[in-house]
Structures are given as C-alpha cells and as structure tokens.
Amino acid sequence: MAQETKRATLSWLGDLRFEGRTPGSGATTIDANDALAPGPMPTLLLAAAACSSSDVVVMLEKMDVRLASLSVDVSGIRREEEPRRDVAIQLTYRVRGDGLDDTKARRAVGLAVEKYCSVIASLAPDLRVSYDVVLI
C-alpha cells in the first residue's frame with residue numbers, strides 16, 4: 001500500500017494567531033492565547049476527539065446502529081516543565097442512537113481509541129489515554 005501524504009499550510013495573522021489551511025478546505029484559526037480561537041493544545045484535544053469519533057461513527061454504522069447524537073468532552077493534563085505537553089487525556093463519549101446498547105457503544109469507542117484513531121496513535125507513547133462512554 002502506498003503511503004499517504006497530508007499537507008497543510010499555516011500563516012501568521014498577528015499576535016499569536018495563525019490561520020491553517022489544507023488543500024480543498026476552509027481556514028482554521030489557531031490562537032496560542034486561547035482568546036479568539038482554540039490554541040494549539042486544545043486543537044490537539046479536538047483532533048483526538050474528532051478522529052476517534054469518526055471511527056466510532058463508522059463502527060456503529062457497521063453494527064446497524066442509527067446514530068442520533070454523539071459528543072465528546074475531552075480534557076488534557078499538562079506537565080509544568082517545558083515542553084508543557086499533555087501527559088494524560090480523558091475523553092467522555094456521549095452517544096445516542098436506535099439499536100445502541102452499552103456493549104456496542106463501549107466496543108466502538110474502545111476500538112476507536114485503542115486501535116484505529118491515527119491522531120491518538122501519533123502522540124507520545126507514554127501519554128495516558130482514558131475514556132468513558134455515556135448512553136443518552
């Protein structure tokens with residue numbers, strides 16, 4: 001299988017604000033001050049939540065679940081010393097759908113977080129990742 005290359009361009013807007021673009025997409029603003037847009041670290045958390053959620057959606061569809069809603073609360077614990085990277089992240093998936101039960105939801109989320117999410121797999125190997133599932 002050929003390797004895939006993803007591309008993005010980041011442009012400085014002033015202060016600590018930047019605009020990111022990928023081919024064929026709209027702009028994403030990143031504000032390192034977390035004032036006008038999410039900063040780099042919250043953007044990383046959002047990327048992990050979006051990546052794993054995409055996998056959850058696909059898996060639940062394969063399980064014949066008609067998804068009605070999915071949201072994720074995600075938090076990261078950063079260390080004090082530089083680089084102030086996340087040492088742990090916690091994701092809580094809130095899921096509702098026809099044909100959904102606790103077993104299906106936990107299986108889909110577990111596989112997404114532990115096996116399929118490329119964002120989480122790209123993070124430091126010592127990052128502690130924990131998750132929970134809430135049926136609504």
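1. The expected span is 1.5 Å times one less than the number of residues. Helices (H or I, at least four residues) and strands (E, at least two) are DSSP runs, numbered from the N terminus.

2. This is a predicted model, in which local features need pLDDT of at least 70 and side-chain atom pairs count only at pLDDT 80 or more, while totals for chains, interfaces and linings use all residues. Residues are numbered from 1 along each chain as its sequence is written, and side-chain values use heavy atoms, with hydrogens and water left out.

3. The protein chain holds three helices and six strands, in the order β-β-β-α-β-β-α-α-β from the N terminus. Its C-alpha trace spans about 50 × 35 × 35 Å along the principal axes. Of its 136 residues, 26% count as buried (under 20% relative accessible area, with exposed over 50% and partly exposed in between; 1.4 Å probe, protein chains only).

4. Buried residues of helix 1 include Leu45, Cys51, Asp55, Val56 and Met59. The buried residues of this helix pack against strand 4 (66-78), strand 5, helix 2 and helix 3, where contact means heavy atoms within 4.5 Å. Just after helix 1, Asp64 takes a positive phi of about 60°.

5. Helix 2 (residues 102-116) has 15 residues and reaches 20 Å from first C-alpha to last, close to the expected 21 Å. Its buried residues are Ala105, Ala108, Val109, Gly110, Ala112 and Val113; they pack against helix 1 (40-62), strand 5 (86-98), helix 3 (118-122) and strand 6 (128-135). At the start of helix 2, a side-chain oxygen of Asp101 comes to within 3.2 Å of the backbone nitrogen of Thr103.

6. The largest pocket contains about 410 Å³ of space. Of the 15 residues that line this pocket, Ala8, Thr22, Thr43, Ala47 and Val119 are the closest to its centre. A pocket is an open set of points on a 1 Å grid over the protein atoms alone, where a 1.4 Å probe fits, with protein on both sides within 12 Å along at least five of seven lines; lining residues have an atom within 4 Å of a point. The volume is the space filled by probe spheres set on the points, which are joined across faces, edges and corners.

7. Helix 1 gives the most to the lining of the largest pocket, with four residues.

Definitions and conventions:
Polar contact = N/O pair within 3.5 Å; in protein donor to acceptor, adjacent residues only side chain to side chain.
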